[in-house]
Amino acid sequence: MKKLGLIGGIGPESTLLYYKKLVYLLQKEVGPEFFPNLTIESLNVFDVLACCENKDFDGLISYLMKGINSLIAGGSEVIALTGNTPHIVFDQLQAKSSVPLVSIVETTKDAAKHNGYGKIGLLGTKFTMQAEFFKKPFIDAGIAVISPHDDEQLFIAEKISKELEHGIISTETQKQMLQIVQRMRNEDGIEAIVLGCTELPLIFKDAILSVPTLDTLEIHIQELVKVINH
């Protein structure tokens with residue numbers, strides 16, 4: 001089994017989910033007395049968001065590569081970023097890394113294609129919802145990507161940074177996000193909604209949505225299990 005390295009802390013709540021889901025999924029595949037050897041390099045999500053806000057992508061690449069190189073030095077053979085937003089520089093990171101990185105965007109696109117979706121909605125940080133890095137693989141695969149209205153994007157981005165990144169789960173926030181998804185289904189005709197921030201599953205946990213979800217965290221984890229165990 002290959003050793004997995006995770007760039008965590010982007011943010012901490014999703015890193016906890018990655019760790020717990022990965023170790024127990026791999027235990028289920030291998031046997032009851034097995035837990036995988038993996039390494040987590042925990043970075044600061046707010047530094048990542050600041051780099052994106054300032055369009056300092058060279059700084060973001062440098063910051064993330066320090067973490068990736070630490071994982072490589074620790075013996076990691078496969079690496080993953082536990083957040084969607086830092087995938088804005090994924091191609092540059094992969095070009096600089098001596099070990100393969102597993103893209104959350106590509107694996108989610110593959111899942112959407114496998115399910116036959118032709119139009120999906122996208123929730124995430126404002127960088128994920130507005131930039132092309134997440135949308136392009138879907139569009140190239142013939143899948144239309146719809147982002148929320150501008151005011152809805154501001155609401156979602158604020159709730160991610162001020163609540164979810166701190167582990168705060170609000171029933172009122174959940175209610176309003178569900179309304180956004182419902183509106184996108186009714187007005188935009190989306191067939192599924194992408195939870196394009198790895199903290200978003202926290203707010204949608206146990207919620208009944210009007211369309212199927214593509215949970216990027218869950219999809220990514222399933223792919224990582226395959227990659228490191230085969």
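Contact is taken here to mean heavy atoms within 4.5 Å. In the predicted model, helix H5 (residues 104–114) meets H7 on this criterion through Val-105, Glu-106, Thr-108, Lys-109 and Ala-112, the partners on the H7 side being Phe-133, Phe-134, Pro-137 and Phe-138. The two helices pack at an angle of about 35 degrees, their axes lying 9 Å apart, and the crossing of H5 and H7 is right-handed.

The surroundings of H5 extend beyond this pairing. Its buried residues are Ile-104, Val-105, Thr-107, Thr-108, Lys-109, Ala-111 and Ala-112, and these pack against helix H1 (12–30), H7, strand E6 (192–195), strand E7 (213–215) and H11. At the N-terminal end, H5 is capped by Ser-103, a side-chain oxygen of which lies 3.1 Å from the backbone nitrogen of Val-105. After H5 comes Gly-116, with a positive phi near 75 degrees.

The structure holds three aromatic pairs. In one of them, Phe-133 and Phe-134 are arranged edge-to-face, at 6.3 Å centre to centre and with 80 degrees between the planes. Another joins Phe-134 to Phe-138 in a stacked arrangement, with 5.4 Å between the ring centres and 10 degrees between the planes. Phe-134 and Phe-138 are separated by about one helical turn because they stand four residues apart in helix H7 (residues 132–140). In general, an α-helix has 3.6 residues a turn, so residues three or four places apart point the same way.

Helix H11 (residues 216–228), one of the elements against which the buried residues of H5 pack, has 13 residues and reaches 18 Å from its first C-alpha to its last, close to the 18 Å expected at 1.5 Å a residue. Its N-terminal end is capped by Asp-215, with a side-chain oxygen 3.0 Å from the backbone nitrogen of Leu-217. Burial within H11 involves Thr-216, Leu-217, Ile-219, His-220, Ile-221, Leu-224, Val-225 and Ile-228.

A further helix packing is formed by H8 (residues 150–162) and H9 (residues 171–188), whose axes come within 11 Å and cross at roughly 145 degrees. The crossing in which H8 passes H9 is left-handed. Glu-152, Phe-155, Ile-156 and Lys-159 make the contact from H8, while Thr-173, Gln-176, Met-177, Ile-180 and Arg-183 make it from H9. Within this set, Glu-152, which is found in helix H8, has a relative accessible area of 11% and is therefore classed as buried. When neighbours within four places in sequence are left aside, Glu-152 is in contact with Ile-180 and Arg-183, both of which belong to the H9 side of the packing.

Key:
Residues numbered from 1 in each chain as written. Predicted model: local features only at pLDDT ≥ 70, side-chain atom pairs only at ≥ 80, totals over all residues. Heavy atoms only, no water. Phe/Tyr/Trp six-rings, centres within 6.5 Å; stacked < 30°, edge-to-face > 60°. Expected span 1.5 Å × (residues − 1). Buried < 20%, exposed > 50% of the residue type's maximum accessible area, 1.4 Å probe, protein only. Polar contact = N/O pair within 3.5 Å; in protein donor to acceptor, adjacent residues only side chain to side chain. Axes fitted to C-alpha atoms, helices over the stretch in contact; angles between N-to-C directions. Left-handed = near helix turned anticlockwise from the far one by under 90°.
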